[in-house]
Amino acid sequence: MKFRHIFLVLVVALITYICGWLAYYSDVIMAHRADKTPYPFYTTSSKGDHLIAHAGGKIGEHIYTNSKEAYEQALKRGMKFIEVDLSATTDGDYVAVHDWELFNTSIGLSGDKPQSLDTIHNSKIYGKYTPLDEKQIAQLMRDNPQLIMVTDKSRDVKHIASAFPFPERMIVQTFHLYDYIKALKTGIKYPTLRLKGGRRGIPAYYKKLIEWTNVKSVILGELSFNKNKDYLKELHDKGVTVILYGNPSYHIVENPDEIKKYAGSYIDLVDTDTLNNL
């Protein structure tokens, strides 16, 4: 009897939570469902000119630096979209770091523990490249009004919206449908949903949720892309922006001919380390 009572209490609490959540987000969900306008990054062009400089793009012999010099190099090469990996320091500030193990190695440290903001400011990546904090990234966007930033790593959409007040110039990766809706609520205009289970195929129930929510952009890796081409074509035909990032194979995102083959019909933006034009 006691177990049954506890179970009923938990069910009531869950239902109350879900109802409260839906009430809080109902305005943004309904508005998003009603708006059928595709993102401005959506394209039916086969030119494949929507390239994203992944973590700033390759600089020298290095990738994933997220460095000031890599971003500036990408801008000089005419790149319009730049991906920034956002990771939290021990102080709670965000910096452009792909992952702490790689960053620590690049500055002569070991391990995967986050560093302080002071350490970031006093470090050089591979002895010559400059790491950036969120304020410096925001200044880079002010100095380059053509720049559109694509974020990765962080789920803290509220912090992102506050730190980077450029709603028309940001594509924010979200890792769950909940985060996608939460991003809309915080004022982020262009969230993109990272597809789950893509390597095994997108579950039917998740496809229904994506359709019901009117998700306008999805992002996935090459392995998932190869498993879900028909579904992605279906999404794209409905006006959904599809963003592709690389896996270790790099069969598509570093290959101009492959990008052109899928551009405008399956994919819209491509996250690349080495390409700056096609």
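## E168 and K189

E168 is partly exposed, with a relative accessible area of 46%, and K189 is also partly exposed, at 40%. Here buried stands for under 20% relative accessible area, exposed for over 50%, and partly exposed for values in between (1.4 Å probe, protein chains only). The model is predicted: local features need pLDDT of at least 70, side-chain atom pairs count only at pLDDT 80 or more, and totals for chains, interfaces and linings use all residues. Residues are numbered from 1 along each chain as its sequence is written, and side-chain values use heavy atoms, without hydrogens and water.

E168 and K189 form a salt bridge, with 2.7 Å between the closest N and O atoms. This pair links distant parts of the chain, 21 residues apart: E168 is in the loop between α6 and β5 (170–174), and K189 is in the loop between α7 and β6 (191–194). Helices (H or I, at least four residues) and strands (E, at least two) are DSSP runs, numbered from the N terminus.

## Salt bridges in the whole structure

A salt bridge is a side-chain nitrogen of Lys or Arg within 4 Å of a carboxyl oxygen of Asp or Glu. The whole structure contains 7 of them.

## R155 and D179

In the salt bridge between R155 and D179, the closest N and O atoms are 2.6 Å apart. R155 lies in the loop between β4 (148–152) and α6 (157–163) and D179 in helix α7 (residues 177–185), so the bridge ties together parts 24 residues apart in sequence. D179 is buried, with a relative accessible area of 3%, whereas R155 is partly exposed, at 45%.
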